[in-house]
Amino acid sequence: MKTSRRARLRQRHYRRMHRAGGLNLVSLMDIFTILVFFLMVNSSDVKVMQNTADVPLPVSTSEKDAVENLTIQVSGQSILVQGREVARVDAIGADDLHVAGLSEELAYRRNRWSEVPEQGLEVTIMAGRETDYRLLRKIMKTCVDEQFRQVRLAVEAEVRNG
C-alpha cells in the first residue's frame, strides 16, 4: 500500500500542529533579569524603624542615620520590647525607680550575650512627644542598670525641601 504524497504531507502537518509545545525560557529569563536589575537599582540603604501610628515621634535635625538594635516602645499604656508587651504604664508606682517587667526582659536579653561590651549594649527608646519625662527617665534608668548603656531616643527625620 502506497500512501500518496498528499496523505504523507497531511500526516506530517497533523503531527507538527498537534504535538506538545515547548516552553520558551529565553524570554522568561529576560524578564527575571530585568526584574532583578530593577530591584537592585531601586533598593535603598535607608534605616527604617517600625513605628505604629499611635507614637508621634519628635522631629530631629540630626544628619546621622538610624541604627537598628533592640527597640523599646511606649505605646499608650504599654511598654513593648521588640513589639512584645513587657510592662504596663499604669502598674508603675510613683516611687518606683525601675520598670519591673522591662528589667526582667532586658536581663534575659543581656544574658544571651556571651560578653557585654565595656561601653554597654545598645537600645533605642521609641516614645511619643507627649510621654511624661518621669516615665522616660525610669525606662532609661532601667536600661542603664541592665547594662544597656548606649541609649538612643527614636525621632522622625526633619523633612527638608530642595
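1. Thr 71 stands opposite Thr 124 in E5, and this pair belongs to the contact between E2 and E5, two strands that run parallel and are joined by four bridges. The model under discussion is a predicted one, and the remarks below should be read with that in mind.

2. On its other pairing, E5 meets strand E6 (residues 150–153), again in the parallel sense and over four bridges, with Ile 125 placed opposite Leu 153 in E6. Strand E5 itself, which comprises residues 122–126, is mostly covered, since four of its five residues are buried.

3. E2 also pairs with E3, here in the antiparallel sense and over four bridges, and in this pairing Ile 72 stands opposite Val 81 in E3. Taken together, the strands form an open sheet of five with the order E4-E3-E2-E5-E6 and mixed pairing. Because E4 and E6 each have a single partner strand, they stand at the edges, and one side of each is left without a neighbour in the sheet. Neighbouring strands of this sheet are turned against each other by 25° on average, with direction ignored.

4. Two helices lie across this sheet, and their placement can be described strand by strand. H3 lies across E2, E3 and E4 and runs at about 140° to E4, whereas H4 lies across E2, E3, E5 and E6 and runs at about 165° to E5.

5. The geometry of H3 (residues 100–111) can be checked against its length: at 1.5 Å a residue its twelve residues should span 16 Å, and the end C-alpha atoms are 17 Å apart, which agrees. The buried residues of this helix are Gly 101, Leu 102, Ser 103, Glu 105, Leu 106, Ala 107 and Arg 110.

6. Of its 162 residues, 27% count as buried, while the accessible surface comes to about 12,700 Å², with 53% of it belonging to carbon and sulfur atoms. Among the contacts with a separation of 6 or more, 66% are accounted for by residues 24 or more positions apart.

Methods:
Residues numbered from 1 in each chain as written. Predicted model: local features only at pLDDT ≥ 70, side-chain atom pairs only at ≥ 80, totals over all residues. Heavy atoms only, no water. Expected span 1.5 Å × (residues − 1). Buried < 20%, exposed > 50% of the residue type's maximum accessible area, 1.4 Å probe, protein only. Pairing = 2+ DSSP bridges. Contact = heavy atoms within 4.5 Å. Areas by Shrake-Rupley, 256 points an atom, 1.4 Å probe, with all protein chains shown as cover. Axes fitted to C-alpha atoms, helices over the stretch in contact; angles between N-to-C directions.
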